[in-house]
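Welcome! Please take a look at the sequence and the 3D structure, and then let us walk through them together.

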Amino acid sequence: MLTIDSLNAEVEDKAILKGLSLEVKPGEVHAIMGPNGAGKSTLGHVLSGREGYEVTGGRVDFHGKDLLDLETEERAREGLFLAFQYPVEIPGVSNMEFLKAAVDAVREHRGLEALDAVNFMKKAREACKAVNLKQDFLKRGVNEGFSGGEKKRNEIMQMMLLEPSLAILDETDSGLDIDALQVVADGVNALRSPERSFIVVTHYQRLLNYIEPDYVHVLADGRIVKSGDKSLALELEEKGYAWLEDEVNG
Amino acid sequence: MSDFVAATQALTIAEDWLTPLRERGRSCWQAWSLPTRKTEAWKYTSLSSVLKPDYRFDVSAPSNDVDAQWKIDDLDANVMVFVDGVFSARLSELDERELSVCRFSEADATQQALIESELNAHIDLEQQGFAALNTQTLGEGVLVHVAAAAQPDKALHIVWVSSSPEQATYCSARVLVVVESGAQAQVIEHYVGSPSAEVLTNSVTELVLRDNARLTYYRLHEEAGAANHIGGVHAVLGRAAHLDSFFLTFGSDLKRLDIVVHHRGEGGESYINGVYLPREKQHIDVHTSIEHAVPHCNSNETFRGIVADSARAVFNGRIHIHRDAQKTEAYLSNKNLLTSNKAEVDTKPELEIYADDVRCAHGATVAQLDKEAVHYLKTRGVSQEEALVMLSFGFINELFTDLSIPAVGNYARPKLAALFARESDLTRHLL
């Protein structure tokens with residue numbers, strides 16, 4: 001599904017990713033952990049094609065296509081979804097208008113018939129309910145005045161409607177209380193399937209109690225320095241990241 | 001421009017009960033010096049392209065050659081339509097029993113007395129040259145007089161249409177709204193034109209709100225092409241009066257709007273909101289002035305503009321808090337979006353505060369579309385083009401979501417969406 005091979009990327013002429021490699025197969029959940037400044041969020045931004053993040057080396061294959069060659073919107077239509085750490089507010093455009101535009105674009109690309117207004121509304125209401133947001137959030141401006149937790153739940157709602165084959169959650173757990181964390185995890189778990197994969201980027205092990213990963217990777221200084229199963233996350237929680245850096249450098 | 005003045009000087013003054021008013025208008029107009037680039041209030045707006053000598057001034061019969069739409073769906077309203085300044089009974093839909101509205105030409109003695117006492121009562125004709133010219137050329141006008149404590153069932157929709165005459169036409173439009181104590185009214189003033197109309201409209205609207213009166217006044221400028229406009233809106237609020245006003249201005253070659261709100265009674269509240277949307281080589285100049293003469297009044301002003309292509313917008317927002325106007329709260333926000341490198345906006349808040357116990361905030365911004373928001377939309381599969389349309393629309397639509405007459409918002413939305421999208425496909429998610 002996704003093969004990242006020796007990815008190098010810069011932000012403002014500063015190298016952030018330094019030879020990152022990762023293989024994600026259909027149905028797998030990969031957790032990426034690491035200290036602040038390791039490049040965790042940069043990975044999501046580079047994969048989504050954000051301006052200002054320059055790829056200086058390596059390649060990324062997504063469903064047999066060169067991902068880095070695609071425009072941001074084409075990546076999304078091909079099945080890549082990024083749940084933002086800081087979702088953007090768009091006042092004046094209702095959540096419903098925004099979701100319909102997104103779903104239509106993605107369905108059209110995938111050769112699916114556009115949902116009519118009634119069917120779309122039904123799906124949107126279901127998704128809204130699933131993430132425990134009141135229905136009037138569909139009418140409000142995109143993320144406008146939403147609390148941190150509401151924004152994150154809105155990201156999960158979008159993911160549910162867009163049905164991506166690969167979802168990257170960029171520190172979706174940051175700033176969430178336990179209840180919101182549960183809602184986010186339930187949303188992810190409900191979508192888990194043999195065809196759909198997840199990359200869960202997080203600073204804390206806590207989220208992984210709710211979303212059980214198949215693999216845990218440690219990202220430090222722009223590359224993956226250690227991989228293991230979920231027990232690695234517990235070990236990190238216990239010992240912190242410093243021991244690992246020592247181990248790698250030593 | 002001097003030819004234009006000469007042409008207006010040659011006009012004969014119509015003879016009827018309004019003649020003394022017209023005479024005064026003429027003398028003030030003739031004494032007035034036309035603004036130049038050195039005139040601060042006209043610094044960014046040159047009149048040389050619109051003050052031409054060859055206008056037709058003497059429109060007397062309504063033209064039937066009207067190629068414009070103005071119907072607002074789901075608006076329960078009396079509709080008065082004027083074509084090139086001349087009333088068209090055929091195009092109007094006016095309930096005969098509606099007593100609060102009349103044309104100046106059909107005013108009875110009481111209404112005439114009201115017009116004579118209120119018209120220009122709050123306008124300094126010696127300073128406001130175009131209001132003076134409007135008064136000199138006063139033809140037909142509309143009086144809306146809402147009796148004390150009355151609440152008319154219907155809104156009034158006044159439509160000023162420019163036809164497509166063979167010769168460029170000068171029109172004056174005049175509206176006087178007097179809402180008596182405790183009364184309520186809704187007035188929508190609407191300017192539309194045939195796309196090929198070449199016209200200069202000189203409009204003056206006066207809104208008089210007595211104590212405890214409430215008025216909703218919406219003004220829509222849809223004239224395009226060479227349908228140009230110089231207009232003034234002058235509102236006076238009595239004690240605890242409430243004005244809710246909104247100004248939607250699409251571009252034409254030149255539009256200039258002066259909005260003046262006088263708070264003359266304590267406890268008054270005014271909302272002065274609007275959007276302006278020039279594109280191509282269009283020019284829109286909005287000058288607002290809020291006069292707080294008495295204590296305990298609130299004014300809230302929000303204007304937004306999207307300036308596209310090589311268009312230009314000018315916004316000047318003045319707040320004047322007089323020495324006695326303690327406990328005033330006055331807010332002004334002006335945000336502008338430039339969608340092209342050649343677009344230009346000149347925005348200036350102007351505060352004059354002589355009272356010491358007031359709350360006053362103002363802000364003006366000029367920006368381009370938020371790149372982060374564009375990226376966010378694209379990560380959801382939305383194309384770059386559609387993202388730009390959605391964000392432009394959203395920037396403006398924010399001000400439409402709270403309109404107290406939702407029918408006006410519903411009328412305007414498709415027009416706004418269409419303005420930002422060259423392909424209708426890009427607006428399909430916004431309607």
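N143(A) sits in the loop between β8 (141–142) and α5 (148–162) of chain A. Helices (H or I, at least four residues) and strands (E, at least two) are DSSP runs, numbered from the N terminus. This is a predicted model, in which local features need pLDDT of at least 70, side-chain atom pairs count only at pLDDT 80 or more, and totals for chains, interfaces and linings use all residues. Residues are numbered from 1 along each chain as its sequence is written, while chains are lettered from A and ligands numbered from 1 in the order in which they are written.

What is the phi of N143(A)? The value is positive, about 60°, although N143(A) is not a glycine. Most residues other than glycine have a negative phi. S6(A) also has a positive phi, near 45°, and is likewise not a glycine. S6(A) belongs to strand β1 of chain A.

Are these residues buried or exposed? A residue is buried if 20 or more other C-beta atoms lie within 10 Å of its own, exposed if 12 or fewer, and partly exposed in between, with C-beta atoms placed from the backbone. N143(A) has 22 C-beta neighbours inside 10 Å, so N143(A) counts as buried. S6(A) has 13 of them inside 10 Å and therefore counts as partly exposed.

## Chain A as a whole

Chain A holds eight helices and 12 strands. Its C-alpha atoms fill a box of roughly 60 × 40 × 35 Å, taken along the principal axes. Buried residues make up 46% of the 250 residues in chain A. The radius of gyration of chain A is 18 Å, which agrees with the value near 18 Å for a compact globule of 250 residues. This radius is taken over C-alpha atoms, and the globule rule is 2.2 Å times the number of residues to the power 0.38.

## Sheets in both chains

Two strands pair if DSSP finds at least two bridges between them. In chain A, four strands form an open sheet in the order β2-β1-β4-β5, with antiparallel pairing. Its edge strands, β2 (14–24) and β5 (65–66), each pair on one side only. In chain B, 10 strands form an open sheet in the order β2-β1-β5-β7-β9-β11-β13-β15-β17-β19, and the pairing is mixed. Here the edge strands are β2 (86–87) and β19 (359–367).

| Strand | Partner strand | Sense | Bridges |
|---|---|---|---|
| β1(A), residues 2–11 | β4(A), residues 53–62 | antiparallel | eight |
| β9(B), residues 214–221 | β11(B), residues 242–250 | parallel | eight |

## Where the chains meet

How many residues of chain B are in contact with chain A? There are 23, and they touch 22 residues of chain A; two residues are in contact if their C-beta atoms, placed from the backbone, lie within 7 Å. The largest share of this side of chain B, 10 residues, comes from α6(B).

Helix α6 (residues 384–400) of chain B also lies across β13 (269–277), β15 (298–307) and β17 (329–338) of chain B, running at about 160° to β15(B). Axes are lines fitted to C-alpha atoms, for helices over the stretch in contact, and angles run from 0 to 180 degrees between N-to-C directions.
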